[in-house]
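Please open the model in your viewer and keep the sequence panel beside it. The stops below are to be selected in turn.

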Amino acid sequence: SNADMTDNGQPVGQRYIDFVPGFLAEKINSSGSDGLGTDGIYRKVHYEYSNYRNLWPDVDIDHNGQNDRNESGKGNSWVVDHHVAGVDQMISNIRSRIGPDKIIILNTGSSEFFGKPHVNGYLFENSGPNYSPWEGQFGMLAQWANINKDLREPKISLNEYNVDGLDPGRVSPSKNYYQYIRFSLGKSMLFGTYFDYGTLESRGDNYYNKYYDEFDLDLGKPLGDMQKIKTDAWARFFERGAVIVNLKGGSMTVTDSEIRNLSGYSGPYHRFRGGQDSAMNNGEQFSSVSLAGHSFNSNGLHAIVGDAVLLVTEPMTVISDIVIDESNSGTNPGSNKAVLSGNWEFTCDGRDYYTLRCAPWVDEAWSVALNSSGSGTADFVPTITQPGRYEVYEWHGVPLQTAANNVSYTIRHAGGTTKKTVDQSKSYGKWNSLGTYRFEKGTAGKVTLSAQGANGLVMADAVKFVYKN
């Protein structure tokens with residue numbers, strides 16, 4: 001193949017490992033991006049496995065007309081060694097072409113962390129619970145120190161966590177597994193990595209991720225490294241807050257008095273007031289916290305799921321937007337998808353819908369529900385844990401036929417009901433405000449879209465509730 005990644009290259013024309021760096025450098029510079037990240041770049045581990053499985057029985061990377069695997073003085077290890085050398089050269093060439101200040105993050109797809117000192121970090125795909133102790137010679141701290149060693153500054157990695165389907169502590173749907181989101185986010189904050197979270201139902205990073213209250217917190221820069229509170233309990237302080245993480249397979253209590261003597265403490269701290277897990281994020285001044293934890297057997301491995309809490313220096317309310325979609329995939333944690341009655345048709349046709357990646361085989365991830373019968377309703381019901389004023393928005397896209405310009409929306413709120421009419425042939429592909437209203441705690445409030453009397457196709461797409469005060 002002309003796309004081999006070995007250091008032997010092609011007998012005619014430019015080598016692939018020289019072409020790629022130039023191509024990427026042009027894309028990075030023309031787009032103004034900060035650098036690049038790979039989906040999967042395979043080096044030694046994967047090709048040794050491929051040799052073992054004999055996936056490519058006939059290889060001629062030096063283009064001499066003979067099978068390198070059988071040729072005298074060569075063989076499988078020779079093929080792998082040249083692939084490894086080619087990958088290493090390509091990464092070095094990419095760094096040379098994009099310059100010293102751009103970011104490179106590799107997804108190696110394995111436990112092989114290569115590319116140093118040319119890369120800034122790695123994507124840890126499909127991470128889950130802790131499968132090894134936190135401390136000790138072979139613990140996660142030691143592993144992390146070894147991975148970080150010799151990386152290029154600034155050191156930037158991405159942890160992508162997925163819920164383990166064998167975890168007996170998970171809830172269904174797993175987007176509401178708030179303990180796990182805190183635990184995995186807390187670990188990323190201790191390490192200083194970026195964070196990504198995929199639910200079990202949406203098959204992790206390959207489809208849809210959800211948004212949590214904690215993501216809207218701005219704790220500022222870290223004031224130092226992670227610090228040990230006691231066995232399996234660690235903390236890290238930031239300019240405007242702190243994170244405390246339980247890393248053991250059992251529950252524990254951590255108190256304010258236990259963290260007061262740590263470097264960087266600037267309490268008293270507060271739990272922020274949130275709109276999802278309001279039991280943990282209750283807005284109270286921090287004195288102590290009970291952090292859950294359990295362990296389980298995950299395909300023969302001892303898996304540990306702990307817990308974490310994010311604290312702030314000043315009392316604040318942080319409630320992420322509540323989005324209700326016609327599909328589970330687009331509906332945020334804490335609430336359920338829209339309830340449709342009547343003759344609705346789910347489809348992927350059209351454009352600018354709220355769910356851009358239509359994948360109905362994954363968690364009912366349709367793009368939109370359509371109705372051309374002139375009757376039928378869609379109820380968008382938010383789960384409100386913090387009463388207050390919320391601005392309500394609707395979203396619709398562009399169908400393949402004429403959309404109605406007189407679609408009825410009824411907002412049921414604490415003060416009664418308000419009716420709005422939306423022209424779905426205009427203002428598509430964006431959030432359109434339906435007004436600001438007070439909603440009480442619970443699920444009494446809702447937005448009802450009706451196709452009754454519509455003069456064209458009606459779209460039930462998405463509704464958003466944005467907390468104001």
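What is the volume of the second largest pocket? The second largest pocket has a volume of about 550 Å³. The model is predicted, so to speak of local features a pLDDT of at least 70 is needed and side-chain atom pairs count only at pLDDT 80 or more, while totals for chains, interfaces and linings use all residues. Residues are numbered from 1 along each chain as its sequence is written, and side-chain values use heavy atoms, without hydrogens and water.

**Second largest pocket**

Select Leu-185, Met-189, Thr-193, Tyr-194 and Phe-195, which lie nearest the centre among the 20 lining residues. A pocket is an open set of points on a 1 Å grid over the protein atoms alone, where a 1.4 Å probe fits, with protein on both sides within 12 Å along at least five of seven lines; lining residues have an atom within 4 Å of a point. A volume is the space filled by probe spheres set on the points. The largest share of this second lining, 3 residues, comes from α5. Helices (H or I, at least four residues) and strands (E, at least two) are DSSP runs numbered from the N terminus.

**Largest pocket**

Move to the largest pocket, of about 650 Å³. Of its 27 lining residues, Phe-113, Phe-124, Ser-127, Gln-143 and Ile-147 are the closest to the centre. Strand β3 (121-127) gives the most to this lining, with 6 residues.

**Open sheet**

Next, display the open sheet of 5 strands, in the order β6-β7-β8-β15-β10 with antiparallel pairing. Strands β6 (227-230) and β10 (270-271) stand at the edges with a single partner strand each, so one side of each has no neighbour in the sheet. Two strands pair if DSSP finds at least two bridges between them; β7 (residues 233-238) and β8 (residues 241-246) pair over 6 bridges. Within this pair, select Ala-235 and its bridge partner in β8, Ile-244.

**Salt bridges**

Now select Asp-218 and Arg-240, whose side chains meet in a salt bridge (3.0 Å, N to O). Asp-218 lies in the loop between β5 and β6 and Arg-240 in the loop between β7 and β8, so the pair ties together parts 22 residues apart in sequence. A salt bridge is a side-chain nitrogen of Lys or Arg within 4 Å of a carboxyl oxygen of Asp or Glu. Finish at Lys-74 and Asp-62, another such pair (2.1 Å, N to O).
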